[in-house]
Amino acid sequence: MAEIKVPELAESITEGTIAQWLKQPGETVEKGEFIVELETDKVNVEVISEEAGVVQEHLAQEGDTVEVGQVIAIVGEGSGEAAAPKAEEAPQKSEEPTKTEAPATMEPVEKDVAAEDQSSSDRTIASPAARKLAREKGIDLAAISPVDPMGRVRVQDVEAHGSKPAASAPAAKTEAPKASAPSSDEESGRIVREKMTRRRQTIAKRLLEVKQSTAMLTTFNEIDMTNVMALRSRKKDQFLKNNDVKLGFMSFFTKAVTAALKKYPYVNAELDGTDVLLKQFYDVGIAVSTEEGLVVPIVRDTDKKNFAEIEATIGDLAKKARDKKLSIADMSGGSFTITNGGVFGSLMSTPILNGTQVGILGMHTIQKRPVAIGDEIQIRPMMYVALSYDHRVIDGSDSVGFLKMVKDMIENPEDLLLES
């Protein structure tokens, strides 16, 4: 008999939600075959069984929150004729795991063996300055809710936690507000109550924390897309033939952003307490919309990739996002983010910063508008662009200059070749 446990997910993830059981009680499972899909704050993962046999029982149901190391199913010997034990017997069987158990694993599993003997505070990802401040304040790092979407605790997170009023009694984890009793409109069917998914709850929490912990401002400009659209029209067929990938606008904007980040390094930075971390790499996040919310996979080393490599990488990441195959590594890090609300018809918006980054570029729909060209009024395809930035790190002159450079590069796309 083998106990199926929730595997180590990542250093910053301690629990997940059972999204779907792939094997039901009484069904056979092969060694290495997927048995359950878990939804975490960042990605969905599929857990495999390390032993062949028959699923005897589920110890947790779809929608339940489960923790790393928790036994969630039992696999026993047989050929598919075993019946599922009674539900009330389940807790007794999961209390004392045997030493001969075959735990479930996830492929790939990132596991820090040395961390197994440490406390939850030691296993928390945190900057050295944050750890020092937490020790001085007597705060458990594991109790802090970081702004960083990857879970790294910064000095400002410790300070924000220390400024909160003390609770009357310590709690193991923060519970979501209790839902109110059904209203008459709900009972009559006029209102349908729907529980937020774990990922949507995490997105909501992170966005609120960013709004509350940054001095965010947004500056706007508009781009004449005439030249880049003409260039794309001339080159798209040959580009597709040579590279087996379509030439879109995202590669132009990614290269333009990369060039602007080189000139304005503070837009490619991060604030850690009283220190500014100037990043010497260019990993640009591209926001992708999925059924469960927005995710931001990272295109690495955009300064070293050509247009075809950027387009291919974006296409691969977008497909993985839609198929729920993104890994933690696909979304870890990143120095700047681009989001394109234009694909949904958005004319203008103020994008919210992504985690600890200090800048995000918002693209919008291309719309023909009358524009003064010299002494003439011409109809041109125009796009509004927005740069949201953390004013604590970036001054107005840098933010305006950055956005103006992106505009100039897109309006003169040949210049991007000199930056590639």
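## Sheet and nonpolar cores

Ile-18 lies opposite Leu-38 of strand S4. The model is predicted, with local features requiring pLDDT of at least 70 and side-chain atom pairs pLDDT 80 or more, while totals for chains, interfaces and linings use all residues. Residues are numbered from 1 along each chain as its sequence is written, and side-chain values use heavy atoms, without hydrogens and water.

Strands S2 and S4 run antiparallel and are joined by 4 bridges; strands (E, at least two residues) and helices (H or I, at least four) are DSSP runs numbered from the N terminus. Both belong to an open sheet of 4 strands, ordered S5-S4-S2-S7 with antiparallel pairing, where pairing requires at least two DSSP bridges. Strands S5 and S7 form the edges, each pairing on one side only. On average, neighbouring strands of this sheet are turned by 45 degrees against each other, direction ignored. Helix H6 packs on the sheet, touching S2, S4, S5 and S7, and its direction makes about 145 degrees with that of S2. Such angles run from 0 to 180 degrees between N-to-C directions of lines fitted to C-alpha atoms, for helices over the stretch in contact; contact means heavy atoms within 4.5 Å.

| Element | Residues |
|---|---|
| Strand S2 | residues 15-21 |
| Strand S4 | residues 34-39 |
| Helix H6 | residues 198-213 |

The largest nonpolar core has 73 residues, of which Phe-253, Leu-361 and Phe-402 touch the most other members. A nonpolar core comprises buried Ala, Val, Leu, Ile, Met, Phe, Trp, Tyr and Cys residues joined through side-chain atoms within 4.5 Å, buried being under 20% relative accessible area (1.4 Å probe, protein chains only). Helix H8 (residues 249-263) supplies the largest share of this core, 9 residues.

Definitions and conventions. Buried < 20%, exposed > 50% of the residue type's maximum accessible area, 1.4 Å probe, protein only.
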